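Welcome! Have a look at the sequence and the 3D view, then follow the points below.

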Amino acid sequence: MPKLNIKDLQKIKEKKKRTSKLREGGDYKVKVTVHMGTCGIAAGAREIMNAFINEIEKHESSDVLITNSGCAGLCSKEPMATIEVLGQAPVKYVDLDEKKVKEIFQKHVMGGNVVKKNALGKGSEKTDA
Amino acid sequence: MEKEKAYRMHLMVCAGTACVSNNSFKIKEALEKEIKKQGLENEILVVTTGCNGFCERGPLLVVQPENIFYQKLEEKDIPYLVEEHFLKGRPVEKLMYTPPKEKSPIPVLSDINFFKKQVLIALRNRGTIDPENIDDYIANDGYSALAKALTEMKPEQIISEIKNSGLRGRGGAGFPTGMKWEFVHNANSSNGEKYIVCNADEGDPGAYMDRSLVEADPHSILEGMLIGARAMGAKQGYIYIRNEYPLALKRIRIAIDQARDYGLLGENILDSGFNFDINVVRGAGAFVCGEETALLASVEGRLGEPRPRPPYPAQKGLWGKPTNINNVETWANVPPIITRGSKWFSSIGTGTSKGTKVFSVVGKVKNTGLVEVPMGLSLGEIVFDICDGIEKDRKFKAVQIGGPSGGCVSAEHLNLPLDYEQLTKVGSMMGSGGMVVLDENTCMVDLAHYFLTFSKGESCGKCTPCREGIPRMLEILTKIKEGRGEMEDLDLLENLAKNIKATALCGLGNTAPNPVLTTLRYFRDEYISHIKYKKCHAGVCTDLVPSPCQNACPIETEASSYIALIAQGDFKKALEVNRWVNPLPSVCGRVCHHPCETRCRAGEVDKPISIRSLKGFLTDYEKSNGQKPKVEPVPQKYEKVAIIGSGPAGLMAGWELAKRGYQPTIFESESVAGGVLSWGIPEYRLPKDVLQSEIDDIMEMGVEIQTDTTIGKDIQINDLFDQDYKALFIATGALVNSKLGIPGEDTQGVIDPLEFLKQYNLDKKAKIGKKVAVIGGGNTAIDAARTAWRLGADVTILYRRTKLEMPANEEEIDETLKEGIKIEFLTLPVEAYSENGKLSKIKCQKMSLGEFDRSARRRPQPIKGSEYELEIDTLIPAIGQKPDLNFLQGNTKLNISKWNTLEVDPETMETNVPGIFAGGDVVTGPATVLEAMRAGKIASESIHRYLRGESISREYSPKKPRLDIPPVQVSPEELSELKRPEIPTLSVEKRKSNFKEVELGLTKEMAMKEAKRCLRCDLENKGE
């Protein structure tokens, strides 16, 4: 990888937006983020990640982007995952297990309908005062 | 705190990550500028909100109260928008977007209490980026602060920006970061070498914010360090991180590799000619290496021991060169300050502490997790709003802030605005931000012992005060925990603590005594209780605790033993265990407030054992099987003792005295014995025959009860001694109802709850209207309301706080609601109105919960303009009672408190007049049945010592169970199916217009199953 200059930062930012931010006409329609800090992993986030991957393979869902991130803050409700469907607010799911993942994949990832009983809330956090 | 000001319009600017990277904060600034320009700043408030989810349409602006959505705003739109919409009132359609409505929406994250008050700066990317992908970080504006620092700012400018921001060290000490940077910047280095270090040696119990930050957003730390290196002129940086944080270690290494790949670390970074690189040094997990000089020694490969300062690392750090050390969170705060400016950062927080602080909140709260809040938020808001209060709604006790170096703060500090100075003032410290929340089941002596054990293990041993002093302190604490403590130990502990603090070499030793000092300061009574009374009220210190349930019982019922006997099916013996200490087991099985269940360890992970109902089952079972043993009178060999009042305190004292061979006589002014048990508690809770049967047994044993005899009228109190009574126990209760103190309450239709209950329960002819309001949240209010409901009234209870704060038994509140009685929470009556001399309506005011009081409950405060009227014909104020001391007729010299209660020595119940003892509500004011029984028991023991010519003072020794019952064997399958039973109750339809008992009690099978669920803590606490 060649060294970056300042303009490259902007390019990466834009490219990233094109490729991984959900958008009309983009590669992905759904983004699944499994929260994998130590707290999440200790609560079983790896199994949750595998369960989502299994579902994606089973349904050959090529437009579902799966990724991980760190602790979402509410450690007592781990494992957690965030599902964002194109054009909709991201939804955080809490206290997940493999059975819940199956249902969430069917109804929300594939069907676009939030599984309310396992959802904590939608949207994201305040990053400013 | 700033006062809530009314604005006619709120502009909610989305500050979700996506919108921020779309420059939403610039939109906010532009809005504010424009609003000011138009002179609207007193009418319109601009606030930032969390993500609304329509990120692809951001930056978003929602206008409230009109609920108009503007989308894809640009700075150039703002002047037009402000003028048209906010000044002239014409919404700008071309900028609008209306989201499709959802049928039943799930909550928006930023409306959820846990997230609502949080403001993310250090944790700005948490949960939204892939920490192992540098592009994710860059896409969220990552490394743009570095670009700015390298191209637009001189090192001096960077430093002054950090100085102006007010950023202080987040590792605990709170030293101003900019000043530290300036020291290193200005320091001379012989060969020009300077170093910077990131301290990620987080090791205090309960703290994990640094770990989480490194795991969630490692590049934010690298970027902060790069900017710092540029400002201070360092070429090499080190991240000192614990090897026991494998994931954090892995992610920071990946981040460094990726940054090197991109040339963001290394030579000529971003084509600016600036060179800098970072290495990771793994720490082996010694807590002392969090101390900066020890850390530096460890980085150099030497033994991790601290050295005296000065010289400070800024002069002589790594390899003798100027070195700057900052904590993980401090570094993570740097990029946003550079991007957004010091003014923005310093606008957040308090006068001396700027920005936000990340706390890891663990312990007995419902929501545990990482919380980033503006400095100055109160402790109570973190514990009760963000973390949703104490688990199982138990009582809050304390928060240990700053781990083993910090101190605990108590309920009186819940309103404390959290910043460096405020925490130091109360003896605690910010520390790295670990918060351990403790509930009533925590023993503070044990807590101090725990943290000191940690510090002892982590002391490096270099200096004597820390090496020798901490173990001595620990020995004393152990002694106290084991019941061998002496009162002098407290002074010794305090002296040792102060000396270690003053003389230890480094921060570890200087702060290690803090948990002891603060617990001594705020919870001294707990130490005294261990030392003097051999009692650990929290039920933790095993040498003093027979079992948590027995320990919690005011009369020390051996609950663990009778539960074990129920599990074996030996109900007879189980009830006998109860009767060792309790003449009223049937009564207690129905009305006890069961503090045993609050302490029950099964309740820690599951629900507590249903101990009260098990007791109730035993007495029901005995009755239905006709197995009740005949009580044999005890031969009377000692003096006559007079007892005034036949409530639970009087009955208990009489029973205990009769057992010892005295001749007690109870004088009761009513026609029946039992006091409030007979005429105050309605029959649907406590059937009369159940009570009478136990009173009969007490009389059988040798207690005489003279009903219809009023002391002060029929007999004067001083005459009792002439009638050959050698001692006197006063247990007359607290029966004078407190007035509301509102205008208009002295009118027909306002009735005394106790009079009402008495009239109904004794004569069955209480008068009640059709629309009744009961004021209050205690058991008397609930009893009055449920009685009125059974008499056909439409009943509403008004209570000024919320359900959580109601003092009535929880099961009573639940049944009340089931019966369809309305409870208006947060409501206070302020005036009563009459028509033709009769109550016609009341004016009520809604309340909101404000600051915390010393009981950790929030004070209700009136909401202006929320008054409303309620049409009623009966008002029952049940907000408290006081004792009636008229019966004394001025005939004794008894000391009376300002609350009109009798003053006694709480250890012995003796009054200031020899031979006269008092206990129960007449001493304490309204309390529980069991507290009254306890007073009766203690008084009887004191009377015995008094009459036998012994010293009245009590001696205390640790309690142990009398029985040693082997546990029943329960298979894992059976165990997994056991759960706390729902107590069968009479259906609501069958309760109307009658007073049939509501609780139907446990069946034999239910009781045995429930008893098997017991963890048998008594076996553990037995000792060897």
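In which hand of crossing, left-handed or right-handed, does α7(B) pass α10(B)? The crossing of these two helices is left-handed. Please keep in mind as you read that this is a predicted model.

- Helix α7 covers residues 155-165 of chain B, and helix α10 covers residues 218-232 of chain B; their axes lie 7 Å apart.
- The packing angle is about 120°, and α7(B) and α10(B) are therefore oblique to each other.
- On the α7(B) side, the contact is made by B:P155, B:I158 and B:I159, while α10(B) brings B:I227, B:R230 and B:A231.
- Sorted by class, the residues of this contact between α7(B) and α10(B) are five nonpolar, no polar and one charged.

**A strand with two partners**

- Strand β12 of chain B (residues 396-401) is mostly covered, with six of its six residues buried.
- One partner is strand β14 (residues 434-439) of chain B: five bridges join β12(B) to β14(B), and the two run antiparallel.
- Another partner is strand β13 (residues 407-410) of chain B, joined to β12(B) by four bridges and also antiparallel.

**Where the two chains meet**

- In the contact between the chains, 44 residues of chain A touch 56 residues of chain B.
- On the chain A side, α1 (6-20), α2 (38-42), β2 (64-69), β4 (91-93) and β5 (119-122) each supply at least two residues.
- The largest share of that side, six residues, comes from α1(A).
- By class, the side of chain A that touches chain B has 17 nonpolar, 16 polar and eleven charged residues.

**Cis peptide bonds**

- In chain A, a cis peptide bond joins A:E78 and A:P79, with omega about -5°. You can find A:P79 in the loop between β2 and β3 (81-85) of chain A.
- In chain B, B:P310 and B:P311 are joined by a cis peptide bond with omega about 0°. B:P311 sits in the loop between α12 (292-299) and β9 (323-327) of chain B.

**Loop residues worth a look**

- B:D708 has a positive phi of about 50° although it is not a glycine. This residue belongs to the loop between β17 (704-706) and α33 (719-722) of chain B.
- Is B:D708 buried or exposed? B:D708 is exposed, because 11 other C-beta atoms lie within 10 Å and a residue with 12 or fewer counts as exposed.
- B:A856 is not a glycine either, and its phi is positive, near 65°. Its place is the loop between β24 (838-852) and β25 (858-862) of chain B.
- B:A856 counts as buried because it has 22 C-beta neighbours inside 10 Å, and the cut-off for buried is 20 or more.
- B:N23 lies in the loop between α1 (17-21) and α2 (24-37) of chain B. With 17 C-beta neighbours inside 10 Å, B:N23 is therefore partly exposed.
- B:N23 and B:P59 are 36 residues apart along the chain, and 7.1 Å separates their C-alpha atoms.

Methods. Residues are numbered from 1 along each chain as its sequence is written. Chains are lettered from A and ligands numbered from 1 in the order in which they are written. This is a predicted model: local features need pLDDT of at least 70, side-chain atom pairs count only at pLDDT 80 or more; totals for chains, interfaces and linings use all residues. Axes are lines fitted to C-alpha atoms, for helices over the stretch in contact, and angles run from 0 to 180 degrees between N-to-C directions. Angles under 35 degrees count as roughly parallel, over 145 as roughly antiparallel, 65 to 115 as roughly perpendicular and the rest as oblique. A crossing is left-handed if the near helix is turned anticlockwise from the far one by less than a right angle, and right-handed if clockwise. Two residues are in contact if their C-beta atoms, placed from the backbone, lie within 7 Å. Ala, Val, Leu, Ile, Met, Phe, Trp, Tyr, Cys and Pro count as nonpolar, Asp, Glu, Lys and Arg as charged, and the others, Gly among them, as polar. Two strands pair if DSSP finds at least two bridges between them.
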